[in-house]
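Let's take a walk through this protein model together. Have the sequence and the 3D view open as you read.

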Number of protein chains: 2
Amino acid sequence: MDLLPKDSSGLKIIPLGGFGEIGLNMAVFEYGEEIILVDCGLMFPDASMLGIDLVVPDITYLRDRVEQVRGIFLTHGHEDHIGALPYVLPEVNPPIFGTALTLGLVKAKLKEFHLDEKVDLRVVKPRETVTAGCFSVEFIRVTHSIVDGCGLAIRTPEGVVIHTGDFKIDQTPVDGELTDLATFARYGEEGVLALMSDSTNVKREGYTISERAVGEAFHELFPKCPGRIIVAAFSSNIHRVQQVVEAAVASGRKVLLNGRSMIANVQIARELGYLRVPEGLLIDLKELPHLPKEQVCIISTGSQGEPMSALTRIAMDDHKQIKLTKGDTVILSSRVIPGNEKTITDMINHLYRRGAEVFHEQVSEVHVSGHASQEELKLMLNLTRPHWFIPVHGEYRHLVRHARLAQKVGIPAERCIVANNGDVMAFSAGEACIIGQVENGRVFVDGKGIGDVGEIVLKDRKHLSEDGMVIVIIGIAMYNGQVIYGPDIVSRGFVFEDESQDYLEAARKVVTDKLAELNAEVMGDLNEVKQEVRATLRRFFKKTIERRPVILPLILEM
Amino acid sequence: MDLLPKDSSGLKIIPLGGFGEIGLNMAVFEYGEEIILVDCGLMFPDASMLGIDLVVPDITYLRDRVEQVRGIFLTHGHEDHIGALPYVLPEVNPPIFGTALTLGLVKAKLKEFHLDEKVDLRVVKPRETVTAGCFSVEFIRVTHSIVDGCGLAIRTPEGVVIHTGDFKIDQTPVDGELTDLATFARYGEEGVLALMSDSTNVKREGYTISERAVGEAFHELFPKCPGRIIVAAFSSNIHRVQQVVEAAVASGRKVLLNGRSMIANVQIARELGYLRVPEGLLIDLKELPHLPKEQVCIISTGSQGEPMSALTRIAMDDHKQIKLTKGDTVILSSRVIPGNEKTITDMINHLYRRGAEVFHEQVSEVHVSGHASQEELKLMLNLTRPHWFIPVHGEYRHLVRHARLAQKVGIPAERCIVANNGDVMAFSAGEACIIGQVENGRVFVDGKGIGDVGEIVLKDRKHLSEDGMVIVIIGIAMYNGQVIYGPDIVSRGFVFEDESQDYLEAARKVVTDKLAELNAEVMGDLNEVKQEVRATLRRFFKKTIERRPVILPLILEM
């Protein structure tokens, strides 16, 4: 329900996603009749979202306000910040502001959806300010696990709101582009109404290690590897790719890019000048067999053990061109996304079975995080000295702990706002409060269907997945209520039909007996027959085998 | 296939589970016509085993040899070492040897299956030796996360095999019962044919922290907690419970036991003298509301975020008697079992939403492992100085790394046997080799069904869980091949039927059109009709909605 009159005064900040969850980052900034959005991200489904391809935020709140949206501001090019654009732009299509690489990635994504011709992408450089309605927004360079990331200083009639985006304070970034502390400090001096800051790593003490440390680990490791090296990384982590490339060059190895998104993102980054790859370094699959093993380095996707990925197929010895042998080395240079632990360790076990040596985050320094740890978060708070503090980008526990951290550096508890998705935070004349809730939630994308799979369908899928399905077909004559066909029983995912014919026959018999018991009145009411059949079978299955399949009686009137 | 003649000479060791996986621990020791088994464990299903309750080892190998089995030796009372007994004992029922607590837990378990009267349980004390056929077995005290655990020295005609069971070398165990290094050393002096040693924690450097450290953490933490304290732990970890009890007494709190297995195991441990609880300390749910919050400590199951557990219901504010409020503290005093990461962090987020403070392994010392780290593993190797080394109890990567660790302390690589389940390791006259493979695998238990759910049924469940199911019912007249009923379409878990009537009607139309196209010859072959219908719908769904439901055409001959 929308509690707000459209003309209510003051600044409103409304997260439509990303508060109390990792992913779906999207925030509404509204003043009077004007709106800007910060980020437009997706979420990858967790194990409970059966068969779902991806999740996007519910934008119901925006549907009545399409004309008021003056711009979408993107902090960086990760999927959890740009991935919902193809689903949102058909309804809400204002100018999109972002840095060159961010918009490069957006463009490639929109192309797949045939939307690239229909959007207005506007490249912004760090320290540049753009105006959108009553808002003016300065982009501020931050370091992160993707290049060309920025925080935002959003100047509103009520004051300046700083949104950090995803950041760390890397003192030795690979491209030399430091987090622009001077600009954050300048706003702090001027006065900041509110700081919205990245909570992902709030539980980590100290500082996050520099991305450059990974490069050093590669340089140390590569010369010691006797065979091929496969490095699995996120394809958007261009600095990581750069460092693999450099370590490969230094150890006399050619580089093969493996995985569709790896090839695509490397091409975009090279075209835009974010990645330097020497001429002649890259090889393709055809050249692979002709190179000695110790001259090969493969950069691959699939670090999460995704079942269909190239790396998993290599691990299962199911890849046509790339076979692992003893002496080969696999480096998983990425974090373990929560929920993927099992598939990743399964893949590691298979890699060991192939005889490969495996390095990953837990056993060596082949990955560092892109998010700020406690000392960096405190530094950001002290530089910007905000009046209000709004922890963003985290599960609920992260937001709570980030608010506590802010209190340690002197922000009073009553000025730390731990908000939920949909909360309307209103700022007016120095006061702030949560004045209501707007419709918000998760929209499931399954194939081409957006939002047609809801909780009921998911519940059915879960039920089906647990004990399968039993279908009973019965034909009943319309004129006298007699059974003239069946009952037939067919099952899927319940018991192994070939070996359980006797059991299913027994179930059929139970239904036949029940039908014989029912009087003419009941037999005339098909819903009643359905219920009787379902109840009879449910009891029978529970007693004999303790399972609860979905039971679907199909009663045919004939 | 069974490659071995029954009369082949020498000692054979055949793991039926636990090699290359965590869980299902069970090993066959065979000499001539005589067999003993070490452990008989289950495995809890992972996310890919849809709807499965638990997993037990395939004991096909034993079925022809039931009469030869002289005994089952249990190292300790954890489910992954005793949990398959109710499924194995109906077929293989020799005397079962174990320590008092181990057999106490076994007895309670067998009672549930009405098997407790039918078995021969024989309590053994540490340093006691029992004989079973040509084997004589000494029990050797080890420390672990359950009390009364033992390793085994199995004397065979080919020499002594040491099996560590699950162990750590805790120098300050809660009950003062140290790992009996002297006895391990005595066997080392005498000469050990082979060592089978716990690989779970091989990746951890140094020493595993003493269980007593957890008690110290409790003693420090409890007095600082303003409200109720809930400690979630495994109910079998009696020392952990003991330490919570002591910290509760010291901080003036009464104790409520929560969860069926917690209540049962505490009772068993108290009866057998393994747990000391002062009179009047325990309270029940009725007394809870009458006690001030700061005088309450609840010990609960549910540390893994199991959906139906009491702790999850408390976190969701869905527990009738126990409500959390601001100031309450929840301590998750257990490890995160791989695969449960997501459900546990979900639960933590909900606990934070209730206003509770949460402590868990990752942020403080409220849990320590029960398994030996590298320095302890090396110590065990150096004490026993085995001729052959067989890493056990671990995923493949753990076994490989444990073998490498053994090489560091001087066991030659060719005497480290990294085996798989079913491998027949034969030892004869100083030589050893893997001489074959016996049938082995995982048997799924689903409700009362044991083994009737196999890979095909699981594959169906997975397919059903991803895009649901579409059923097409068509009645065809037998005498002329004309459609006289349907096609009707019913779906579950596919699209939300109430809102997708038009779409399903379009699908029905596609089938109707296809049937009209088919000639009489095809219509006479019901399998052909099925295939045509399935292919037609598959194309239609892919093109229009990009989903791949299970399509089940039911063709009724009428």
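Helices here are DSSP runs of at least four residues, and they get their numbers starting from the N terminus. Keep in mind that what you're looking at is a predicted model. With that in hand, find helix H16 of chain B, which covers residues 526-545, and you'll spot B:Lys542 in that helix.

Together with B:Lys543, B:Arg548 and A:Lys448, B:Lys542 makes up a patch of positive charge on the surface.

To count as one, a pair of cysteine sulfur atoms has to be within 2.5 Å. By that rule, the count over all chains is zero. Take B:Cys297: the nearest cysteine sulfur belongs to B:Cys225 and sits 9.2 Å away, so B:Cys297 is in no disulfide. B:Cys297 is also buried, because its relative accessibility is 0%. B:Cys416 is in no disulfide either, with the nearest cysteine sulfur, from B:Cys433, 16 Å away. At 12% relative accessibility, B:Cys416 falls under the 20% cut-off, so this cysteine counts as buried too.

Last stop: B:Asp116. Look in the loop of chain B between helix H4 (100-112) and strand E7 (121-123). Is B:Asp116 buried or exposed? With 18% relative accessibility, B:Asp116 counts as buried. Finally, jump from B:Asp116 to B:Asn421: the two are 305 residues apart in sequence, and 29 Å separates them in space, C-alpha to C-alpha.

Methods: Residues numbered from 1 in each chain as written. Chains lettered and ligands numbered in written order. Predicted model: local features only at pLDDT ≥ 70, side-chain atom pairs only at ≥ 80, totals over all residues. Heavy atoms only, no water. Patch = residues over 30% accessible without salt bridge, like charges linked within 9 Å, V, L, I, M, F, W, Y side chains within 5 Å. Areas by Shrake-Rupley, 256 points an atom, 1.4 Å probe, with all protein chains shown as cover. Salt bridge = Lys/Arg side-chain N within 4 Å of Asp/Glu carboxyl O. Lys, Arg positive; Asp, Glu negative; His and termini not counted. Charge placed at Lys NZ, Arg CZ, Asp CG, Glu CD. Helix = DSSP H or I, 4+ residues; strand = E, 2+ residues; numbered from the N terminus. Buried < 20%, exposed > 50% of the residue type's maximum accessible area, 1.4 Å probe, protein only.
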